[in-house]
Amino acid sequence: MMNERGKSDGPEVPTKSPNNAAGAAAEAMEGRGPAKGNADPQNAPRTQSRTHGAPSALDRVREAARRDRKQRFTALFHHLTLDRLRQAFFALERKAAAGVDGVTWQQYREELEENLQGLHRRLHRGAYRASPSRRVFIPKADGRERPLGIATLEDKIVQRATVEVLNAIYEVDFLGFSYGSRPGRGQHDALDALVVGFKHKKVNWVLDADLRDFFSTISHEWLVRFIEHRIADRRIVRLVQKWLRAGVLHEGKKTVEEAGSPQGATASPLLANVFLHYVFDLWVEHWRRHHARGDVVVVRYVDDIVLGFQYVSDAWRFQNELEERLSKFGLKLHPEKTRRLRFGRFASRDAALAGGGKPGTFDFLGFTHLCGKTREGRFQIFRRTSKARMRATLKALRGHLMRSRHRPIPEQGAWLRRVLQGYFQYYAVRSNGKRLCAFRTQVTRSWLHALRRRSQRHRMTWDRMSRLADRWLPPVRILHPWPEERFYAKTRGRSPVR
């Protein structure tokens with residue numbers, strides 16, 4: 001089998017950002033066997049020693065992808081083994097909603113080995129068929145509804161196993177400023193990189209870019225072409241096409257679209273990253289190297305993008321050229337949510353010179369970012385829980401408390417404790433203490449209101465409610481360090497500022 005070379009539709013640029021991500025995202029480099037094509041499991045040593053462990057099949061795929069950034073992989077389907085399908089099954093959320101077939105995780109496990117063997121046989125003889133996703137809608141913070149697609153359990157298993165195989169290749173290709181839905185990377189890694197980049201680079205303007213209906217406008221044709229830059233195994237490509245063409249089922253009606261990937265599907269985050277890697281990442285890396293006058297900082301979490309610019313002229317020109325670039329691939333910037341604003345260590349001074357007012361703020365991954373100063377007078381970026389996100393969480397919590405107000409108080413208290421622990425686990429960052437205290441206070445008041453509605457003759461006073469809150473609700477504690485501490489601890493100084 002001969003390796004072919006794919007052609008990129010974007011500008012010819014280096015495929016790895018100089019500001020590589022945190023060390024946690026870096027893959028281990030292992031030796032590869034002598035095969036000319038893709039690595040075969042038999043190339044691994046038969047025995048292990050203390051100095052040289054046996055590399056796995058995916059390790060060799062990863063190393064081959066690292067050595068040749070234009071190599072197309074012709075034999076990947078055999079990595080969808082029975083063991084990998086089993087691992088994918090146990091990695092799924094056990095209480096997740098069922099798809100259109102109604103099969104739950106617990107039901108599938110009753111005859112797990114027989115089910116997995118049947119799925120494995122259907123996959124490898126080409127008889128596997130993807131089922132349509134069940135369409136549901138969840139409320140968004142702005143009052144609108146977000147459509148989600150719930151795949152069947154077997155589709156989730158196959159997608160998760162396939163994503164694991166493809167990650168061995170694409171984790172080598174993806175650039176350092178891409179953080180969303182990648183192994184070893186999370187939302188706080190993106191938030192830390194943003195703050196560190198804005199503080200240590202010359203950033204005076206921010207472009208908060210929002211892609212309009214991104215997941216529902218991904219072009220199937222372009223996505224398949226992008227995948228074929230690296231994947232020449234037709235069976236893997238056909239798997240992706242089956243998922244894209246499976247459609248969605250809503251109120252008994254099946255709909256198959258020519259664009260879009262169901263948000264909520266296991267494979268959708270990887271497919272979205274592949275799409276934006278070619279449409280946005282490679283292009284913006286080339287742009288800031290060859291067209292920007294000053295510093296440019298980029299952080300992308302799937303379709304949430306924030307950029308910092310040294311010069312406003314760069315921000316204007318970039319936004320105009322970005323709109324042209326996106327339009328070639330069927331994407332658009334949201335006209336109301338995409339905006340430019342003054343931000344950075346000189347934002348207050350520049351805003352005053354421009355006619356007064358305060359520096360702008362922007363939201364990213366649930367936090368509002370503001371310009372401020374430390375007690376020593378040094379520039380600092382403060383982060384607060386987004387008001388819209390906080391209101392939406394409190395609204396949902398109040399509804400649940402009212403529906404369950406007649407349940408025993410210890411049961412309600414235990415549930416609230418879990419909710420607040422999860423909330424604090426994400427939002428308990430430095431400089432957010434006041435808003436966390438306000439959230440805990442509002443939860444206590446909502447609980448008081450629900451308990452008083454149990455009967456017309458309640459005896460729930462505020463003093464008694466305060467004792468209940470102290471007993472059941474966790475106190476506010478900051479759980480995350482300053483962004484610089486964690487960023488440099490993870491990268492160990494190897495990653496330049498974005």
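Helix H15 (residues 433-452) packs against helix H16 (residues 462-472) at an angle of about 120°, and their axes are 10 Å apart; axes are lines fitted to C-alpha atoms, for helices over the stretch in contact, and angles run from 0 to 180 degrees between N-to-C directions. The two helices H15 and H16 are therefore oblique to each other, given that angles under 35 degrees count as roughly parallel, over 145 as roughly antiparallel, 65 to 115 as roughly perpendicular and the rest as oblique. On the side of H15 the contact is made by Arg440, Thr444, Arg445, Trp447, Leu448, Leu451 and Arg452, and on the side of H16 by Trp462, Met465, Leu468, Ala469, Asp470 and Trp472, where contact means heavy atoms within 4.5 Å.

The model is predicted, with local features requiring pLDDT of at least 70 and side-chain atom pairs counting only at pLDDT 80 or more, whereas totals for chains, interfaces and linings use all residues. Residues are numbered from 1 along each chain as its sequence is written, and side-chain values use heavy atoms, with hydrogens and water left out. The protein chain contains 17 helices and eleven strands, helices (H or I, at least four residues) and strands (E, at least two) being DSSP runs numbered from the N terminus. Of its 498 residues, 49% count as buried, that is, under 20% relative accessible area, with exposed meaning over 50% and partly exposed in between (1.4 Å probe, protein chains only). Among contacts between residues at least 6 apart in sequence, 73% join residues at least 24 apart.

Four of the strands form an open, antiparallel sheet in the order E6-E7-E3-E8, with two strands taken to pair if DSSP finds at least two bridges between them. Strands E6 (296-301) and E8 (339-342) stand at the edges with a single partner strand each, so one side of each is left without a neighbour in the sheet. On average, and with direction ignored, neighbouring strands of this sheet are turned by 15° against each other.

Six bridges join E6 to the antiparallel strand E7 (residues 304-309), with Tyr301 paired to Asp304 and Val299 to Val306. The hairpin of E6 and E7 has two residues between the strands, and Val302 takes a positive phi near 55° there. From E6, Val296, Val298 and Arg300 point one way and Val297, Val299 and Tyr301 the other, all of them buried; with six of its six residues buried, E6 is thus largely enclosed by the rest of the structure.

Strand E3 is likewise covered on both faces, with Trp205, Leu207 and Ala209 buried on one side and Val206, Asp208 and Asp210 buried on the other. E3 is joined to E7 by six bridges in the antiparallel sense and to E8 by four, also antiparallel. Trp205 stands opposite Phe309 in E7 and opposite Arg342 in E8.

Helix H10 (residues 268-290) lies across E6 and E7 and runs at about 175° to E6. Helix H8 (residues 220-227) packs with H10 at an angle of about 85°, their axes being 9 Å apart, which makes H8 roughly perpendicular to H10. In this pair, Trp222, Leu223, Phe226 and Ile227 of H8 meet Leu271, Val274, Phe275, Tyr278 and Val279 of H10.
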